[in-house]
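User: I've got this chain open on my screen and I'd like to talk through how its parts sit together. Can you take my questions one at a time?

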Amino acid sequence: MTKEEVQLPDDASLLKEMVLHLIDDKTKLQRRIESMEIHMRWLIRQRFGHKSDKLNPDQLLLIAREMLEPPAVDPAQQKKPKDKKKPAKKRKGHGRRPIPRDLPRKTIHYPVPFDELVCANCDTPTKKIGEQKQEQIERVPAHWYVIEHVQDKHACPKCGSGVTTAEKPPQPIEKGLGGPGLLSDIIVNKYEYHMPLRRLEKKYEREGVGIACSTMAGWMAECAWALKPIFKVMRESMLVKSRVIHTDDTPVPVLERGRKHTKTGRLWIYVGDEEAPFTVFDYTESRRRDGPQQFLEDFEGYLQADAYAGYDCLYASERVIEVACWAHARRKFTDAQTSDPQRAFIAVELIGKLYDVEDKAKPLDHDARARLRQTKANPLLFKFKKWLKGELKKVVPKSPMAKAINYTLNNWKALRRYRKDGRLDIDNNEAERQIRRIAVGRKNWMFAGSDNGGHTAAILYSICASAVRHGLDPWAYIRDLLVRVGVERMSNIRELLPDRWKPLFETQCAKRPLVAPPVREASAN
């Protein structure tokens, strides 16, 4: 459109209104462009940048520290400190780790050749004056063997009646081909070391034993069913005894019959405190609030989690008390650093001072930890809240910084609750550390085969994670469970929990022969 075709009104008030409208449209367009640029930078950072929440120590950090620290004292008035020798920092050891003493040893002796046992100068026979030793760790591939269960049968030789067959101990999978050691190896490889069953199938084939992936998947479901009593007791014990539970969730792709694409299921994690030190997973078909509500229906105490709205129904009952996570709040400010770096650095520095208090509180008992937080953390929290309210009036609404400030202020009551009870943590990192096993495994096995596969994974993840939490060898623990769980009475099932199993059965399990017995040679008759 040319200038001649543009027709403007002669009324000054209409012209003024049109100009204001254009300015308003331009302002909205600029804000939209800025929002899209911020979002684009955030996506680039998520795709190509560092995943850590640490901020780069550039000039803005120096500005933030100057604003946070008290003004410097005049050098003339400041007393010179006495020269004190700083204690030397203990260096972490480097080099080889010591070889375990309980490993079997095989000695290979290298004697001096016979033609070199005479001195080359005077033809005198030489004598042994010492030895030179070098240790080397060697590994033999996995040992496979077959167990034949032979049950004697007796009958009356006179009348042929009264047939008696010797009883065989219950097996993890009745009439199944897999023994408890093999089943435990599959469970640990998939749910602790994140190896997909397809890859495990190829590994076993290279070792000379062919087991189909579908067969192993069926075995995992059978093992989960056999270990479900242990899982239930761990869950019940955690809900009754724990006063603090950490929880989080993560999506899991799940295959569904009749659909070309996977659906999204959820795996939830619940970490009990020192009264019930178990790590329990739960699977749900969606992220609806029914999942945590049903799982935690018998729990009374503190629930440390993110600000997911699905937990609100639990908090409304007042038997579950909300404790928010400062790591989540900090992450909101680190995400806002691309659009408002100065405020982001100030917020992160203030939150860092709260974590400095926690570093001093870690070695203390619960009561001393709460007192230290009341003394040291309370003033920092007051200062931070005052800063948040002041900056909220200055930032652009709906900007990343405004969202971070609003998130922190909206959850302020739950964020500061940790300071009153020494059993509480400042963040929910314990649950996030435990749920990493799902994130790492998901990159390997890609998806769950069905909703039943999700429930199987929840049970076996719980057994593996709780065993590792107590410092157990997960293979030895799960193998022993598969042997005992069908024999032990339900009244003694608590003795098989990982916190009780170690003092009762670990030594016995270690003494039990877990390798193949020597093969007897056939007679030459």
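User: Let's start with helix α10: what covers its buried residues?

Analyst: This is a predicted model, so read everything here as computed. The buried residues of α10 include A368, R373, L380, L381, F384 and W387. Heavy atoms within 4.5 Å count as contact, and on that basis the cover over those buried residues includes α8, α9, α11 and α12.

User: Where does α10 bend, and by how much?

Analyst: α10 covers residues 366-392, and a proline, P379, comes within four residues after the bend. The bend is at A377, and its angle is about 40°.

User: Two of those covering helices are α8 and α9. Are α8 and α9 roughly parallel or roughly antiparallel?

Analyst: Helix α8 is residues 326-335 and helix α9 is residues 341-361, with axes 9 Å apart and a packing angle of about 160°. Angles over 145 degrees count as roughly antiparallel. So α8 and α9 come out as roughly antiparallel.

User: What's the hand of the α8 and α9 crossing, and how do the residues of that contact divide by class?

Analyst: The crossing of α8 and α9 is left-handed. From α8 the contact draws on W326, A327, R330, F333 and T334, while α9 brings A344, A347, V348, I351, L354 and Y355. Sorted by class, the residues of this contact are 9 nonpolar, 1 polar and 1 charged.

User: Staying with α14, is D451 buried or exposed?

Analyst: D451 is in helix α14, which spans residues 451-469. Leaving out residues up to four places away in sequence, D451 touches V254, K263, Y283 and E285. The relative accessible area of D451 is 18%, and buried means under 20%, so D451 is buried.

User: What about N189: how far is it from W475 in space?

Analyst: N189 is part of helix α3, residues 180-191, and is buried at a relative accessible area of 11%. With residues up to four places away in sequence set aside, N189 touches H194, M195, L200 and Y204. In sequence N189 and W475 are 286 residues apart, yet C-alpha to C-alpha the gap is 9.1 Å.

User: H194 turned up in that list. What is its phi?

Analyst: H194 lies in the loop between α3 and α4. It is buried, with a relative accessible area of 15%. H194 is not a glycine, but its phi is positive, at about 65°.

User: And K398, is that one buried or exposed?

Analyst: K398 is found in the loop between α10 and α11. It is a residue other than glycine with a positive phi, near 65°. Exposed means over 50% relative accessible area, and K398 has 77%, so K398 is exposed.

User: One more residue, R442: how far is its C-alpha from that of H194?

Analyst: R442 sits in helix α13, residues 429-445, and is partly exposed, with a relative accessible area of 21%. Among residues beyond four places away in sequence, R442 touches T250, P251, V252 and P253. R442 and H194 are 248 residues apart along the chain, and their C-alpha atoms are separated by 8.1 Å.

User: Last one, for the whole chain: what share of the contacts between residues at least 6 apart in sequence joins residues at least 24 apart?

Analyst: The chain has 16 helices and 7 strands. Of its 525 residues, 36% count as buried. As for the contacts between residues at least 6 apart, the share joining residues at least 24 apart is 64%.

Note on methods
Residues numbered from 1 in each chain as written. Predicted model: local features only at pLDDT ≥ 70, side-chain atom pairs only at ≥ 80, totals over all residues. Heavy atoms only, no water. Axes fitted to C-alpha atoms, helices over the stretch in contact; angles between N-to-C directions. Helix = DSSP H or I, 4+ residues; strand = E, 2+ residues; numbered from the N terminus. Parallel < 35°, antiparallel > 145°, perpendicular 65-115°, else oblique. Left-handed = near helix turned anticlockwise from the far one by under 90°. Nonpolar A, V, L, I, M, F, W, Y, C, P; charged D, E, K, R; others polar. Buried < 20%, exposed > 50% of the residue type's maximum accessible area, 1.4 Å probe, protein only. Bend = angle between axes of the 7 residues up to and from the residue.
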